[in-house]
Amino acid sequence: MRSRVGNFYQQEKKANNKNRYKSKYEDSAVNWRPYPKVRQKEFLNTLMDKTKVKGVKQENIVEGQWYNVLNYCFAEPNKQYSTRMAKLLETDGMMFVRDITVALSLLTEFKDDIDMSKRSKQERVLAQVIYYLKNIEQHIKTGNRLKLVMPNVVLAADANQVFVINARILYPYLNLKIDWTRNPRAAYDTGEPIELFNKLERDSNINPYIYDLRSKDFDLNDVLGLVADLASTENAKNLKRISVNQANIRGAYDEFLRLVTQKKTKVASNQELVGIFIRALTDHDHFMIRNNYVMVLNESNNTYKKYRINGRNWYAFFSRFDTNYSVNEIKNITAVGDVLLEETNRRFSGEYWTPTIWTNQAITLLDKHLGNNWKEKYYVWDNAAGSKNLTRDYKFSHLFSSTLFENELQIGKNYNVNNVTFQYDFLNDDPLLSPQNIDQSKLNKYAPELVDAIKNNKPIIFFTNPPYGTSGNTSGKKSKTNIAKTEINKQMHIDKMGNASENLYCQFFYRAVKLKEQFNLTNVVIAYFSNSQYLTASNYFKFLRNKIFSNFNYVDGFLFNAGEFSDTATSWGISFTLLKSKEKDDNIPDQFKLQVKESSPKGIMSVGNHTIYSIANEESLSEWVKEVDIHKGTIDWKNKSPLVTGGFTASKAKPTIFYPQNALGYAWFKGNNVEYAHKETGLFSTNFSKQRGVAITKENFERVMVNFAIRRATQHSWINNKDSYHRPNEKFLENRKIITDMVIYSIFNDKNLATSLNDLVYKAKSYDIKNEMFWLSRKEVGKLAEKNHYADMGFSIENDKERFVYCWLQKNKRKITVEGRYVLEYANCIVNDTFNQRKLLDEDYPELGLMHWDAGWEQVRRLMRNGRKSIYIKDFQTAYSKLEEKINHYIYKLKLESAELQ
């Protein structure tokens, strides 16, 4: 059994309490004060900047920051009987707090940037520390001129990590018969003497817990509290282990991955990794450690499965965290399994575990519409059960829990022990299930009672929280190409379900509907947590929506923030919808009313209703923009125009869609939902690599600007995230003031990346790009060029022509509103105020094209970012915000967004 030296003390976080650390550290024998959160942030930021320097300078930064912390927390609260950090006997620092009852004698060692999680690095640091201890011991024996005492605590840190150990466990090393005249640093550099390092390698008392300063939950006071506790011999021997709970489980899991598995543990899925962690906490006796492997007992077949781990860190980790829990504590730990799914993998796969409070809301809704006895009456199939979070707190007469991952069954083995639990891939197993083959199916093998219910048309509920992943990808995110490749996906393609077939939760809907059709079931309920987009999107979900609602009636539902599922993005909503089977017909609803709910300290609260409208593709804003024929009277110029990835960079891809010779630029927009409006909308001076949108011409210019302004001015929220945009009415373009407002708003939006560039190289050819989105006249810019002696710019203006947007504004100048005029005036002031910086900054940033007379608003913004900001910037921002508020008012007044919030 390993020693508990280096363990941590009990933690209890008490948020929003100015004395929140008092109860947490009140048992520390040494008086000290916690380091404030604001100072912690400064401390971490300074260390993060250490990458700008290396070697000795970097080590000095680390040392200086830790000196500030240690003096603040230990020396200053104990001024009467404490020294400050000081370099004594060539150490990196020592401090003595001579308390009345307990003395802290701290020895520190600082490095630049090493991997302290490696045992070899720890041993080298400790070897150097041992030599320091020997020097201190000899100094004390030879008169003790400095009045030192032997250190009882060692703190070692670099730019990213820190560990603390009880110095007393190093005292036996001082009796070794080795050459003590060596320089302490030489022990670190050379890994000698061998006798010392051999003893360190075999020492089971040395398992320091390595704090990672980059960890999300890192708290400097955890380290300092351990320093204080280790000063006491009694505390050092009896440090309390931390109980894992819902508040700290994510941090504990992150540490488990960082220290124990270290990306070496091979598992079939992230769920399996979660299962190892939860079982190790709650069922620790079923694990056996053999060197760097852990053996886990599988009770279903009484066999062991072997996983590679870091054996030393396994002991260090579980000497820090408790493994003894009550029944309720175990339930609480397993209930928050979603917190433990690594963020990148969870977003890739779209898998979430359902919080109990929202399960309760779903059950309440089912009680309301199915009666209080539905749990006895219906055959309930949770076909993505995971660890049974959705059903664990309720009793069912006929419950069937199937899950994709075998390991999850082990996590939830203690819940609803009388139900039928089995591994079953709902999207791949028995894909062609029918009355003719169901008796030979995998489903019949593991759940014959459920098969009997299906065959005999008994009441069935599909009650689950399916994964939400899709094979599509959003800008800036990883591609999910293969995530939707299932047997049901194939069937949906055959059945012409369109793009919805690429979405996992849609596949769950589709299969439930197919089972209803295949077996002529008349009493089926679908009760799913899901993305609400299947209710809204036009052509994307059209065919699936028709299939669902020709077989089922929409009964009720509610909407809540996805952030309620721990660590999930808060920008979108999750719906729970209740659908009941009907005889097949063509009566497809086009609106769906959901209650909007939020959690609060008082419980779940209803904050209103949100009606989602399903609009036909031809009624969408995106189709309205594309109605204008841009092919007429021109030729395809896509292979003679450069393709860009942004305002200043050429693409490496080939163009694939029509780009007319007379194009003014390109308008990028994805889909027809609010969800994509803020991140995937843009304007460019030439063809754009994403190829989702439309080329801008004189004929469609106004529609493009309206589309852009509506998307960018929409006040996005998690409630309207999946709402669709509706096309304007036939007379919309006749309201010239609204159109002019939207054009001006678009010109100065930060997603207008239209720029003017020379010598842009694309496919080995050089291109000059003019910015037709420029709003000033040649005369106005010419005066500024003359004033600042920009002769080359002046000559280029003389040989050029006015830009399209300037001409359009002149044509519509009488329709410019007060709000629009202020935006234009302050934008012009900014151009005037910053114009004298252009030549200087052009020398430093030639790629920005700042000496082009028609340099766009994005170029002006880059100029201010790299140079001096204009004195008019705040005035401009205020004016622009007022114009945006006005356009947002247009959006809802004219019902350009297809939803209602009450």
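Predicted model: local features only at pLDDT ≥ 70, side-chain atom pairs only at ≥ 80, totals over all residues.
User: How many bridges join strand β4 (residues 161–166) to β5, and in which sense do the two run?

Analyst: Strands of a sheet pair through backbone hydrogen bonds, either parallel or antiparallel. Here β4 and β5 run antiparallel, joined by 2 bridges; two strands count as paired if DSSP finds at least two bridges between them. Residues are numbered from 1 along each chain as its sequence is written, and side-chain values use heavy atoms, with hydrogens and water left out.

User: Which sheet holds β4 and β5, and what is its strand order?

Analyst: They belong to an open sheet of 5 strands with mixed pairing, ordered β1-β2-β3-β4-β5. Strands (E, at least two residues) and helices (H or I, at least four) are DSSP runs numbered from the N terminus. At the edges stand β1 (94–98) and β5 (211–212), each with a single partner strand, so one side of each has no neighbour in the sheet. β1 runs antiparallel to β2, with 5 bridges joining them, and Met95 is set opposite Leu106 of β2.

User: Is β1 mostly buried or exposed?

Analyst: Buried means under 20% relative accessible area, exposed over 50%, and partly exposed in between (1.4 Å probe, protein chains only). In β1, 4 of the 5 residues are buried, so this strand is largely enclosed by the rest of the structure. For the chain, buried residues make up 58% of its 902 residues.

User: Which helices lie across this sheet?

Analyst: Helix α4 (residues 119–141) lies across β1, β2 (103–110), β3 (153–157) and β4, running at about 130° to β2. Angles run from 0 to 180 degrees between N-to-C directions of axes, which are lines fitted to C-alpha atoms, for helices over the stretch in contact; contact means heavy atoms within 4.5 Å. Helix α7 (residues 220–230) lies across β2, β3, β4 and β5, at about 15° to β4.

User: What is the strand order in the open sheet of 3 strands?

Analyst: That sheet has the order β20-β19-β22, with antiparallel pairing. β20 (681–684) and β22 (693–696) are its edges, each with a single partner strand, so one side of each is left without a neighbour in the sheet. On average, neighbouring strands here are turned by 15° against each other, direction ignored. Strand β19 (residues 665–669) pairs with β22 over 4 bridges, and Gly665 stands opposite Ile696 in β22. Helix α24 (residues 701–713) lies across β19, β20 and β22, at about 140° to β20.

User: At what angle do helices α29 and α31 pack?

Analyst: Helix α29 (residues 818–834) and helix α31 (residues 857–866) pack at about 50°, with axes 11 Å apart. That makes α29 oblique to α31 (angles under 35 degrees are roughly parallel, over 145 roughly antiparallel, 65 to 115 roughly perpendicular, the rest oblique). Ala827, Ile830, Val831 and Thr834 in α29 meet Trp857, Val860, Leu863 and Met864 in α31.

User: Where do Asn520, Ala764 and Pro193 lie?

Analyst: Asn520 lies in the loop between α20 (504–518) and β13 (524–531), with phi near 55°, a positive value in a residue other than glycine. Asn520 is exposed, at 60% relative accessible area. Ala764 lies in the loop between β23 (757–762) and β24 (765–769); its phi is positive too, about 70°, and Ala764 is exposed at 78%. Pro193 is found in the loop between α5 (184–190) and α6 (194–202), and a cis peptide bond joins Glu192 to Pro193, with omega about 5°.
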